[in-house]
Amino acid sequence: MKKEEIPSPCYIVEEEKFRKNLELIRSVKERSGAEIIMAFKAFAQWKLFPIIREYIQHTTASSLSEARLAVEEMGSPAHTYAPAYTDAEFPQILACSSHITFNSITHYEHFKPVLEKSGRAVSCGLRINPEYSQVETALYDPCAAGSRLGVTADKLDSGLPDGIEGLHCHTLCESDSYMLENVLNKIEEKFGRHLPNIKWLNLGGGHLMTRAGYNVEHLISLIRRFKARYPRLQIILEPGSAFAWRTGYLKSTILDIVENAGIKTLMLDVSFACHMPDCLEMPYRPEVTGAHKPQPGETIYRLGGNSCLSGDYVGDYAFPRPPKPGDEILLEDMIHYTIVKTTMFNGVTHPSIALIKSDGEAEMLRRFTYDDYKSRMD
């Protein structure tokens with residue numbers, strides 16, 4: 001079909017933009033010497049994995065389901081980290097993983113007998129907490145006082161547990177390379193004595209290298225310099241947002257316009273709570289094609305979601321002409337941390353997923369029906 005024929009609501013990925021991001025990521029990987037793997041927690045649209053495999057081969061998982069997806073659809077075992085593993089699921093996670101990171105020393109010791117009995121050559125690591133982060137949104141700060149995530153340096157005074165081959169640190173969120181440089185300095189300060197004794201250092205996600213203005217050359221230089229100090233050390237980056245950053249949009253339609261206390265709300269066929277939760281969690285105001293921030297004297301509109309949650313809206317916007325029911329609203333950059341976080345709260349119609357291919361043709365990847373909603377309750 002033509003892209004204009006894609007029904008609303010629908011997440012729409014643009015292949016040309018997607019490949020551009022992948023090309024940059026592969027270039028950073030090759031020039032820096034780091035291993036770059038894709039985090040499913042941000043993007044897991046497996047029907048696009050054939051495209052991704054042309055550029056990178058490995059992924060990171062945070063659950064059994066994601067680890068299985070790595071093996072079954074990406075064709076390679078996962079680098080797996082979860083805050084905690086269950087006894088029931090761990091053997092399956094082990095079977096689907098090349099690397100497993102543990103959140104605490106006690107959790108590693110609990111599963112060490114299972115690891116030894118399995119005979120699998122899985123590389124084990126510990127998540128560390130350098131007690132330093134520049135992430136401003138508290139919800140996404142993994143190094144806040146009392147954080148449940150990672151081992152602090154004082155817990156390793158007597159050295160690394162036997163069998164630990166790597167360290168894993170995740171302190172960034174849509175950050176630049178200069179924030180990464182600060183984190184590396186803190187890792188060396190607190191954990192430097194352990195670095196010559198491990199095989200790999202996973203610097204987690206949050207490396208938004210595909211964002212306009214990101215200093216890619218500084219990132220490459222930073223990794224090269226760090227590797228020169230620790231030549232035995234494999235550096236791993238696992239960005240999520242960078243892969244699908246600005247590669248598509250969520251197509252929606254105005255169903256109604258409600259006015260109350262002078263506020264005009266465009267009622268859409270999508271929900272921010274159900275389909276774009278980060279807009280409310282961060283929070284942030286998504287860009288809308290053709291709209292702009294209101295100037296004095298302009299009519300101000302909110303965008304309202306179609307769930308029953310009273311706070312299911314974002315704002316404020318102005319349009320070059322008054323919007324009306326039936327008009328399209330294209331919410332930009334809605335491919336990362338959206339599709340993977342959606343819910344079916346209220347049973348609202350779930351957006352389809354489509355791909356606009358490089359030749360301009362559109363392909364429907366997934367349509368959701370009543371059966372998808374009903375089967376969640378089986």
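Predicted model: local features only at pLDDT ≥ 70, side-chain atom pairs only at ≥ 80, totals over all residues.
Local features need pLDDT of at least 70 and side-chain atom pairs count only at pLDDT 80 or more, while totals for chains, interfaces and linings use all residues. Residues are numbered from 1 along each chain as its sequence is written, and side-chain values use heavy atoms, with hydrogens and water left out.

Me: Which elements are among those that cover the buried residues of α3?
Reply: Buried means under 20% relative accessible area, exposed over 50%, and partly exposed in between (1.4 Å probe, protein chains only). Helices (H or I, at least four residues) and strands (E, at least two) are DSSP runs, numbered from the N terminus. In helix α3 (residues 64-74) the buried residues are L64, E66, A67, L69, A70 and M74. The cover over them includes α2 (49-52), β4 (59-61), β5 (78-81) and α4 (90-95).

Me: Is D278, the partner of K341 in a salt bridge, buried or exposed?
Reply: The side chains of K341 and D278 meet at 2.7 Å, N to O. K341 lies in the loop between β15 (328-332) and β16 (352-356) and D278 in helix α10 (residues 278-281), so this pair ties together parts that are 63 residues apart in sequence. K341 is partly exposed at 25%. With a relative accessibility of 12%, D278 is buried.

Me: Which residue forms a salt bridge with D327?
Reply: D327 is buried, with a relative accessible area of 11%. Its closest N and O atoms to the partner are 3.1 Å apart, and that partner is K324.

Me: Why does the pair of F90 and F111 count as stacked?
Reply: Rings of Phe, Tyr and Trp (its six-membered ring) pair if their centres lie within 6.5 Å; planes under 30 degrees apart count as stacked, over 60 as edge-to-face and the rest as tilted. F90 is buried at 0% and F111 is buried at 1%. F90 is in helix α4 and F111 in helix α5, so the pair ties together parts that are 21 residues apart in sequence. The ring centres are 4.2 Å apart, and the pair is stacked because its planes are at 25°.

Me: What is the distance from R285 to the ring centre of Y317?
Reply: A charge sits over a ring if NZ of Lys or CZ of Arg is within 6 Å of the ring centre and within 35 degrees of the ring normal. R285 lies over the face of Y317, and its distance from the ring centre is 4.1 Å.

Me: How far apart are the end C-alpha atoms of residues 246-334?
Reply: UniProt, in an unreviewed entry, places the feature "domain: Orn/DAP/Arg decarboxylase 2 C-terminal" at residues 246-334. The span is 9% helix and 37% strand, and its end C-alpha atoms are separated by 8 Å.

Methods
Contact = heavy atoms within 4.5 Å. Salt bridge = Lys/Arg side-chain N within 4 Å of Asp/Glu carboxyl O. UniProt positions renumbered as here; feature names shortened; annotations may be inferred.
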